[in-house]
Amino acid sequence: MSSVQSMPRGHGGRIEEAFAACKERNEAAFVTFVTAGFPVKEDTPAILLGMQEGGASIIELGIPYTDPQADGATIQQTNQIAIKAGTSDIIQCLDMVKAARSQGLTVPVVLMGYYNPFYQFGIDNLCEKAKEYGADGFIVVDLPPEEGAELAKSCNKYGLSNIPLIAPTTTDERIEHLAATASTFIYCVSTTGVTGTRAELPADLGDFIARVRSKTDLPLAVGFGISTPQMVQSVANISDGVVVGSAILKAAQEAGDTTAERVGAVRAIVSELSAGCKQGSDVANQARILGRKPEDAAADEIAKLSISKRFGKFGGQFIPETLSEAFREIEAKYAEIKDDPDFLAELDVYRRDFVGGPTPLHKADRLTELCGGATIWLKREDLAHTGAHKINNAIGQALLAKRIGKPRIIAETGAGQHGVATATICAKLGLDCTVYMGAVDVERQKLNVFRMNTLGAKVVPVKEGQATLKDAINEAMRDWVTNVRNTHYLIGSAVGPHPFPTIVRDFQSIMGKEIKWQMLEKAGKLPDVVIACVGGGSNAIGAFYPFVEDKTVELHGVEAAGHGIDKNEQHCATLTKGTPGVLQGAFTYVIQQKSGQTLNTHSVSAGLDYPGVGPEHAFLKDSGRAKYTAVTDDEALEGFKMMCQYEGIIPALETSHAIYYAIQLAKTLPKDKDIVINMSGRGDKDMPQIARIMGVQV
């Protein structure tokens, strides 16, 4: 007993006392998880007390979020249920903790969730209120230490615990960085993948925990996939704590309809599972300290690593720890090859002989005459192989994946063009290909789904959320977290964590480079305006980037105003109406509630139906270098018809937004001005949808 009491402490709070009490009893701490507000918000305080009564040492209270990328089906579903039932902001969750404390809850409560809701609440305010309402710390799934200095320092200020996650893919060097930010314990993810029950634990789990133990003296708690008393027992003997979540949530979900029945089910399963926490004589990897006070300077030093990953304040790398090594690998390999003459020569061959580039640039004579103002030029990426600009990035990233040694490719797609492009290059290079696509988009883009299947890709319909592009990205990220060792995520737009926005921009900038020399050749000058549609932003950033330093060239991005930007959840005008936040790995503009929950979106064009935007576009907006506007569904359809009738070109619905805006702008400019529309894709894929809108049977 005396040896436990003399173990070093940090802030001396409830978490440290919980581990000390368990060690007195020769037990591992039992850490339980429940989503706040699940199944209904009135249940949560009673469930927290039921967990304590069942034997929980520490409780993780999940903060509901619309886009929980690192969580499996069970926790995804509980998030959706809680939000739908009215639990969607931080203060509601803190009120639940406060209520439980007033009713006798004494065990520590750690708030677990994703960064954007915490960021929107305000980090210092979050920590102050957490302390006031009776919470003890945070586990933030997508906040690596490079991005988490503010939270780490605020936790120190208020005596709270900032608990990092370490995965089997985490390198020894990175474990040391993560441990330097921890104050009470470290959460060790037992296996690569998302949360959820599993049939068995990894055979090398003991080796992984021993590797982490060699880098820190703090308690280690192990979670992910633990669902039986036998699993709890095996983990209890190689760590200081055991975390169980999905199994408890399933028990609550399968119980009756009353609070008492659900609390009873939770109490019973916690009691059953926690019985396995008794440690035997062969216990290993035990902590030598119960807490420490991290140095603020350590958090600041690690945060410096993020500076190069940003466009001004936008961008960054907000990722689950499981992916940290994959991102380091991608960044290192891309830095190695991006200026390599052999790699660039290979790309050039593909652009010429496979894609069919340089794609033409020509005058839109009849549209120009109709407008009576500026000359309109068309950059014809719709003539590229597969029918859109997406093939440029798909080729570049597929070649990059081969050089890294990843034989399996996953991708997301909205309109289907990126999926088709990815399936195409995977077929050519002999790579396995899986494409995630929202179920709504699968229905409205049946032709592209058939094309992908014909090319040998597996198309997976995503039914979660709105079942559109955002949800396809979430599901692709879950796949990548699970299969990171042999899989490359070939992201299709200039969104997501660093270095994806830069990689996609660089591979797509061939369009802007060609526009530049083609205009000099044909018009003897640079264009006055370059216009492109913006969803995630790959088409626009590819056209814009080579002109960023050419200050005489205006850059205009056109977003989807859907049914109107004056209505919530009826548009995708992220840069026009969104606010700064974190979505799917990057700090950018997001269409969201004040609480940080992502709002639903709408656009007639599947490729623009996205509530975020690439972080470089956010930077170009704030710096004033580019201008962004929004065009409604009806206006886009008008642009579509005009391009068909006046130029004999059937454009994609995405491109049609830019076409409508360019026509209106051309009318206001003098005849000596030149506008280039980046024609991002052809409209074959949209014809069944447009026919339905027009009431035509095809």
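Let's start at Gln 584, which sits in the loop between β20 and β21. Helices and strands here are DSSP runs, numbered from the N terminus: helices are H or I with at least four residues, and strands are E with at least two. The phi of Gln 584 is near 50°, a positive value in a residue other than glycine. Most residues other than glycine have a negative phi, and most peptide bonds are trans. Is Gln 584 buried or exposed? At 7% relative accessibility, Gln 584 counts as buried. Buried means under 20% relative accessible area and exposed means over 50%, with partly exposed in between, using a 1.4 Å probe and protein chains only.

Before going on, a word on what you are looking at. This is a predicted model, where local features need pLDDT of at least 70 and side-chain atom pairs count only at pLDDT 80 or more, while totals for chains, interfaces and linings use all residues. Residues are numbered from 1 along each chain as its sequence is written, and side-chain values use heavy atoms, with hydrogens and water left out.

Back to our loop. β20 and β21 form a hairpin with two residues between them. Strand β20 covers residues 579-583 and strand β21 residues 586-590, and they pair in the antiparallel sense over five bridges. By pairing I mean that DSSP finds at least two bridges between two strands.

Look for Glu 569 in the loop between β19 (554-562) and α26 (574-577). At 32% relative accessibility, Glu 569 counts as partly exposed.

There are cis peptide bonds to show you too. One runs from Phe 38 to Pro 39, with omega near -10°, and Pro 39 lies in the loop between β1 and α3. Another joins Gly 357 and Pro 358, with omega about -5°; Pro 358 lies in the loop between α16 (341-355) and β12 (361-363).

Now to the sheets. Nine strands form an open sheet in the order β5-β4-β3-β2-β1-β9-β8-β7-β6, with parallel pairing. β5 (161-162) and β6 stand at the edges, each with a single partner strand, so one side of each is left without a neighbour in the sheet.

Let's zoom in on β4. Strand β3 (residues 109-113) pairs with β4 (residues 137-140) in the parallel sense over four bridges. Gly 137 of β4 is the bridge partner of Val 110, and Ile 139 is that of Met 112. β4 also pairs with β5, again parallel, over two bridges; there, Gly 137 is partnered with Ser 161. Which way do the β4 residues point? Gly 137 and Ile 139 point one way, Phe 138 and Val 140 the other way, and all are buried.

Helix α10 lies across β6, β7 and β8, running at about 150° to β8. Such angles run from 0 to 180 degrees between N-to-C directions, with axes fitted to C-alpha atoms, for helices over the stretch in contact; contact means heavy atoms within 4.5 Å. The buried residues of α10 (residues 205-213) are Leu 205, Phe 208, Ile 209, Val 212 and Arg 213. They cover an arc of only 140° around the axis, which puts them on the same side of α10; the arc is that of the directions from the helix axis to the C-beta atoms.

Further along, the UniProt annotation "domain: Tryptophan synthase beta chain-like PALP", from an unreviewed entry, covers residues 356-681. UniProt positions follow the numbering used here, feature names are shortened, and annotations may be inferred rather than shown by experiment. Over residues 356-681 the chain is 42% helix and 20% strand, and the end C-alpha atoms are 14 Å apart.

Let's finish inside. In the largest nonpolar core, with 189 residues, Leu 111, Phe 138, Trp 480 and Phe 544 touch the most other members. A nonpolar core is a set of buried Ala, Val, Leu, Ile, Met, Phe, Trp, Tyr and Cys residues joined through side-chain atoms within 4.5 Å. Helix α18 (residues 390-404) gives the most to this core, with eight residues. A second, separate core of 29 residues includes Leu 378, Val 558, Ala 658 and Ile 677.
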